Amino acid sequence: MRTLLWILMCLFIWCCQEEKNCIIHYVGLDDFEGHTVYLWRYNADKLVSDKDYGKGPMDSAVVVNGAVSFVAKEDTMHLYALEGDGIGVFFYPERGELTLTYAHPSKDYVSDKSSNPNSLNELMSRLWHKDGFPKDETRNVMFANLQNAIGCYLLDRYAIVYPDELDDIYNGSNVLMRDSTSVLNSLKRQLDATRELNQGDRYIDFRQRTFEGDTVCFSDIAGGGNPVCLFFVLDGSSKDKVRKEMKQIRDEFPDVQFIIPSYYLVDAEMKTFKHELERDYSACWLDDSRRWESSVRWLYRVNSSINYFYLFDGEGRLIEKRESGSSEYSL
């Protein structure tokens with residue numbers, strides 16, 4: 001009887017361990033027959049891997065019949081990669097059996113397949129190929145996964161976030177990932193050095209250069225008796241929304257002064273748009289493309305490529321802040 005109980009216990013432990021394994025199959029590698037593929041561990045935002053710390057790959061395998069397979073432990077705090085000569089693919093090491101298909105340039109993309117009914121690999125695959133990470137769904141997935149590598153990766157690359165969300169995002173992140181994940185490190189520095197602005201708060205002063213090389217000090221403009229709108233134009237595809245928003249603001253505050261930090265002046269259309277707003281609204285454009293921690297975006301916590309404004313009254317106190325074209329985050 002004791003022997004039977006011991007065998008059953010061993011089988012139970014073995015099954016539990018097996019359930020926590022991530023089994024990866026990489027297929028469609030017919031053009032790489034005989035090549036060696038390596039399994040590497042990266043941090044959550046893919047900026048560094050074990051190789052950057054002098055460590056070797058976790059495993060390796062040779063392509064046979066157009067495929068390789070690996071077994072790894074479930075690891076919620078990292079992203080993994082399969083790499084070789086001409087081969088490279090990232091995945092999230094979740095429990096279950098995952099099949100990745102080589103994305104040959106001449107063929108249609110084949111979505112990741114997993115035996116995990118709650119597979120984040122399949123979810124990320126769908127997000128990627130559905131209008132390029134749709135805004136609302138991507139935000140929902142990020143907030144639901146702040147404790148793991150998927151949430152951090154979306155925060156770093158694809159999710160739109162707003163100034164009044166940054167504290168909650170950091171506080172909701174995994175404590176064990178904060179030192180090893182670049183996006184969380186950067187966010188912590190930003191939160192320590194800046195502050196959230198709420199209705200009635202005075203502006204935050206800064207100095208920044210214009211695209212023509214002049215230096216603008218915000219305190220020379222804000223709080224001087226006229227309203228000032230600090231309008232971040234960071235999404236060049238939404239010009240009509242910016243035009244409409246600026247007209248509405250000026251209709252309500254005829255003496256408003258527009259200050260526009262931007263880095264999006266890489267094409268002739270945006271340069272024309274810049275001249276238009278200078279002509280119609282006397283807008284002062286600031287070149288905010290310099291080092292992140294020296295930017296006005298960093299200081300005002302505008303961490304996404306969106307069009308977002310802070311509106312201050314004549315005393316320099318905040319009246320309203322929100323994304324252009326949306327009332328969702330209005331005060």
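Close-up 1. Arginine 301 is located in the loop between helix 9 (296-299) and strand 14 (307-312); helices (H or I, at least four residues) and strands (E, at least two) are DSSP runs, numbered from the N terminus. Although arginine 301 is not a glycine, its phi is positive, at about 60°. The model is predicted, so that local features need pLDDT of at least 70 and side-chain atom pairs count only at pLDDT 80 or more, while totals for chains, interfaces and linings use all residues. Residues are numbered from 1 along each chain as its sequence is written, and side-chain values use heavy atoms, with hydrogens and water left out.

**Close-up 2. Phenylalanine 133 occupies the loop between helix 2 and helix 3.** Phenylalanine 133 is not a glycine, yet it has a positive phi of about 60°. With a relative accessible area of 10%, phenylalanine 133 is buried.

**Close-up 3. Leucine 123 belongs to helix 2 (residues 120-128).** The relative accessible area of leucine 123 is 16%, which means that the residue is buried. When residues up to four places away in sequence are not counted, leucine 123 touches Glu137 and Val141, where contact means heavy atoms within 4.5 Å. Leucine 123 and arginine 291 are separated by 168 residues in sequence and, from C-alpha to C-alpha, by 33 Å in space.

**Close-up 4. Helix 3 (residues 135-144) packs against helix 4 (residues 149-157).** The angle between the two helices is about 135°, and their axes are 7 Å apart; axes are lines fitted to C-alpha atoms, for helices over the stretch in contact, and angles run from 0 to 180 degrees between N-to-C directions. Helix 3 and helix 4 are therefore oblique to each other (under 35 degrees counts as roughly parallel, over 145 as roughly antiparallel, 65 to 115 as roughly perpendicular and the rest as oblique). Thr138, Val141 and Met142 of helix 3 meet Ile150, Gly151, Leu154 and Leu155 of helix 4 in this contact. By class, the contact comprises 5 nonpolar, 2 polar and no charged residues; Ala, Val, Leu, Ile, Met, Phe, Trp, Tyr, Cys and Pro count as nonpolar, Asp, Glu, Lys and Arg as charged, and the others, Gly among them, as polar.

**Close-up 5. An open sheet of 5 strands has the order 13-12-11-14-15 and mixed pairing.** Two strands pair if DSSP finds at least two bridges between them. Strand 13 (284-287) and strand 15 (318-323) are the edge strands, each pairing on one side only. On average, neighbouring strands of this sheet are turned by 15° against each other, direction ignored. Strand 11 (residues 228-233) runs parallel to strand 12 (residues 257-262), and 3 bridges join them. Leucine 230 has isoleucine 259 of strand 12 as its bridge partner. Helix 8 (residues 268-281) lies across strand 11, strand 12 and strand 13, at about 140° to strand 13.

**Close-up 6. Strand 1 (residues 21-27) and strand 4 run antiparallel and are joined by 7 bridges.** The bridge partner of isoleucine 24 in strand 4 is phenylalanine 70. Phe70 lies on the covered face of strand 4 (residues 67-73), together with Val68 and Ala72. The uncovered face of strand 4 carries Ala67, Ser69, Val71 and Lys73.

Notes. Buried means under 20% relative accessible area, exposed over 50%, partly exposed in between (1.4 Å probe, protein chains only).
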